[in-house]
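Morning, everyone. Here is the structure for today. Have a look before I start.

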Amino acid sequence: MEMKGKKIVMVMVVLLISVLGVSGWTGEIHGRVVCDVCGDSSLGPEDHVLEGAEVAVLCITKSGEVLNYQAFTDAKGIYNVAETMPESDRWDACLARPISSFHEHCTHLAEGSSAVKFGYSHPSGYSHTVRTFVYRPVNVPTYCI
């Protein structure tokens with residue numbers, strides 16, 4: 001009898017949650033960081049992705065809370081930020097900006113790669129792709145000249 005009572009309470013809780021519309025919302029932001037080796041603003045065979053580059057993502061939620069995320073690129077140069085939260089607290093607008101590149105020859109941030117601000121209106125489960133952030137070497141290699 002006691003086990004049956006626990007099952008009934010559990011079913012009631014599940015029904016209550018679904019009736020009240022309490023649901024989670026999941027958002028995702030991702031982008032890429034690359035090294036423009038020749039500094040010519042066109043990606044070619046000499047260019048490569050940057051593993052370990054740091055990117056900060058700041059988002060303001062519908063409820064006004066500011067969330068700060070820190071991400072690092074993987075071996076494919078891709079960073080990813082994702083979170084599940086109540087629908088009422090979902091992201092409203094975000095700002096992504098590169099923080100640093102740990103590649104010894106590609107540490108200078110290219111013009112136009114400082115930050116990207118965007119509204120986030122995607123439904124749960126969808127993602128937003130941020131344009132590529134580009135770093136350049138301080139000194140361009142001689143084979144580029």
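Predicted model: local features only at pLDDT ≥ 70, side-chain atom pairs only at ≥ 80, totals over all residues.

First, the ground rules. Residues are numbered from 1 along each chain as its sequence is written, and side-chain values use heavy atoms, with hydrogens and water left out.

Now the make-up. We have one helix and ten strands. These are DSSP runs, H or I of at least four residues for helices, E of at least two for strands, numbered from the N terminus. Of the 145 residues, 33% are buried, meaning under 20% relative accessible area with a 1.4 Å probe, protein chains only. The accessible surface is about 9,100 Å², and 59% of that belongs to carbon and sulfur atoms. That area comes from the Shrake-Rupley method with a 1.4 Å probe. On to contacts, which are heavy atoms within 4.5 Å. Among those with a separation of 6 or more, 66% link residues 24 or more positions apart.

Pairing takes at least two DSSP bridges between two strands.

Walk across it with me. Strand 3, residues 54–61, pairs with strand 4 over seven bridges. There, Val55 stands opposite Ala71. Strand 3 also pairs with strand 6, residues 91–100, over eight bridges. In that pair, Ala56 has Arg97 as its bridge partner. Strand 6 then meets strand 8 over four bridges, with Leu95 opposite Lys117.

Last, the core. The largest nonpolar core holds 26 residues. By definition, that is a set of buried Ala, Val, Leu, Ile, Met, Phe, Trp, Tyr and Cys residues joined through side-chain atoms within 4.5 Å. Ile29, Val57, Tyr79 and Trp91 have the most contacts inside it. Strand 1 (24–35) is one of the elements supplying at least two residues, and strand 1 gives the most, with four.

What does Val57 touch? Leaving out residues up to four places away in sequence, its contacts are Ile29, Leu67, Asn68, Tyr69, Tyr79, Val81, Leu95 and Ala96.

Definitions and conventions:
Buried < 20%, exposed > 50% of the residue type's maximum accessible area, 1.4 Å probe, protein only.
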